[in-house]
Amino acid sequence: MTERLECGMLKTSLMSYANSTETEPLPEYDTIHTHVQRCATCQNALAEYKNLSKWALALREDTLTAPRDEDLANSLLSRVQLPWKEGRPIAVASEHGNDLAVSEMLLRRTTRARCTDRDIMILGIKVTDSKPALEIDVDIAVRYGRRIPDAVSAARGCISRVWIEQTGREVAAVNVSVLDLFEEGAK
């Protein structure tokens, strides 16, 4: 599965952009460069990638001279890769007691896809994993003309159903904040 940043940029494209040189230019360099100049998400990801690359090179140089310990190397590499994983893991309820988890980013995308309609637009989702239940804070925009209490109730119900269905865990609260109104067709 190809991983994308929240803005839709492919992580592999951003890494290729960061590694491109004058002697080996990236064909879509100008397009990506223009996007990166305007996108804070890509600027932050690019800075993280460059920082990780710098540390990985330093780590590689150190390991060339140090005795190789496979467990240590694997542990360090898993930590280096952590910021590029799509969200933190949210534990999933299991009948067998297995340690199962699903990506928070995947749950956010599923929520946006299933709970955004012509009257409600999901703007942001923050999850607090207060075991055994989840607390979800959601920012929405509501179509002008829709009763706000009805929109909040519909969003709360849909979001709660999606998270219970996807994780099998109890949802303690879905706190909905209406941040904006939009006109039909303005999505």
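User: By its relative accessible area, is Cys158 buried or exposed?
Analyst: In this predicted model, local features need pLDDT of at least 70, side-chain atom pairs count only at pLDDT 80 or more, and totals for chains, interfaces and linings use all residues. Residues are numbered from 1 along each chain as its sequence is written, and side-chain values use heavy atoms, with hydrogens and water left out. Buried means under 20% relative accessible area, exposed over 50% and partly exposed in between, with a 1.4 Å probe and protein chains only. At a relative accessible area of 13%, Cys158 is buried.

User: Which residue forms a disulfide with Cys158?
Analyst: A disulfide is a pair of cysteine sulfur atoms within 2.5 Å, and a search of the whole structure finds one. The sulfur atoms of this pair are 2.1 Å apart, and the partner of Cys158 is Cys115.

User: How many residues apart in sequence are the parts that this pair ties together?
Analyst: Helices (H or I, at least four residues) and strands (E, at least two) are DSSP runs, numbered from the N terminus. Cys115 lies in helix H5 (residues 104–115) and Cys158 in helix H6 (residues 148–167), so the separation in sequence is 43 residues.

User: What is the relative accessible area of Cys115?
Analyst: Cys115 is a member of the disulfide with Cys158. Cys115 is buried, and its relative accessible area is 5%.

User: How far is the sulfur of Cys42 from the closest cysteine sulfur?
Analyst: Cys7 is in no disulfide, and its nearest cysteine sulfur is that of Cys42. Cys7 counts as partly exposed at 33% relative accessibility, whereas Cys42 counts as buried at 0%. The separation of the two sulfurs is too far for a bond, at 3.5 Å.

User: Which residue's side chain is joined to that of Asp119 by a polar contact?
Analyst: Asp119 is found in the loop between H5 and strand E3 (120–130) and is buried, with a relative accessible area of 10%. A polar contact is a pair of N or O atoms within 3.5 Å; within protein, one must be able to donate a hydrogen and the other to accept it, and residues adjacent in sequence count only if both atoms are side-chain atoms. At a distance of 3.0 Å, the side chain of Asp119 is joined to that of Arg146.
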